[in-house]
Amino acid sequence: MTTSPDRPDAELARAAASGDERAYAELVRRHKDGLYRLLRRYVGDPDDAYEAAHEAFIAAWSALPRYDPNRPFGAWLKTIAINKARDRARRLAVRRFFFGSKSLEDSGALEVEDGGEAADATVMATQRRGALDQAIAGLPDGLRGPLILTALEGCSHQEAGDILGLSAKTVEMRAYRARKLLAETVPANYRDGD
């Protein structure tokens, strides 16, 4: 069976559910960047995002027989990914409770060659992005998902609600509350300019 790039996701998912690994590889290829980007914003750590994406693709492979082809594959995959990210966060919280900090190596230091003003601008942009990423990752779980899906991933309130299992109005209200909370916690000079 061919895995041409113009085959719809639902058709590829049906083929993958029947054991066609090439069809699933095509689905992974199509969705891996967007899924990683979503999880990077959701968890705030690139390594944790990579691990959560990996877990999501493994879980999706196992769950393919239950996939509803009337639902967009990307939305179904994002639902699995957010659930995996939540599971990882719970496990990390337990680990931190019992064993302390996640890692002693996370210094947050950034190495940049001295390039004058361009290097300073790069460092400032990186710090600004990092502060915003940390603030978003620190949002309560119920606010983080709606904000990321609507403001950063471009989903409508209805699409985000379908992914999160919420009504469109609930997504709208939670995204608003998340923005308000970010405005109170992130310094203004870190919100502007990006």
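The expected span of a helix is 1.5 Å times one less than its number of residues. Helices are DSSP runs of H or I with at least four residues, strands are DSSP runs of E with at least two, and both are numbered from the N terminus. The model shown in these views is predicted: local features need pLDDT of at least 70, side-chain atom pairs count only at pLDDT 80 or more, and totals for chains, interfaces and linings use all residues. Residues are numbered from 1 along each chain as its sequence is written, and side-chain values use heavy atoms, with hydrogens and water left out.

**View 1. The chain contains nine helices and zero strands.** Of its 194 residues, 35% count as buried (buried means under 20% relative accessible area, exposed over 50%, and partly exposed in between, with a 1.4 Å probe and protein chains only).

**View 2. Helix 6 comprises residues 141–152.** Its twelve residues reach 16 Å from the first C-alpha to the last, close to the 16 Å expected at 1.5 Å a residue. The buried residues of helix 6 include Leu 143, Gly 145, Pro 146 and Leu 147. Gly 154, which follows helix 6, has a positive phi near 75°.

**View 3. Helix 7 comprises residues 157–164.** Its buried residues are Ala 160, Gly 161, Ile 163 and Leu 164. These residues lie on the same side of helix 7, because they cover an arc of only 160° around the axis (the arc is that of the directions from the helix axis to the C-beta atoms). Just after helix 7, Gly 165 takes a positive phi of about 75°.

**View 4. Asp 141 forms salt bridges with Arg 86 and with Arg 144.** A salt bridge is a side-chain nitrogen of Lys or Arg within 4 Å of a carboxyl oxygen of Asp or Glu. The N to O distance between Asp 141 and Arg 86 is 2.9 Å. This pair links distant parts of the chain, with Asp 141 in helix 6 and Arg 86 in helix 4 (residues 73–99), 55 residues apart. For Arg 144 and Asp 141, the N to O distance is 3.3 Å; both lie in helix 6, three residues apart, about one turn of the helix. Arg 144 is buried, at 10% relative accessible area, whereas Asp 141 is partly exposed, at 29%.

View 5. Lys 169 is exposed, with a relative accessible area of 52%, and Glu 172 is partly exposed, at 33%.
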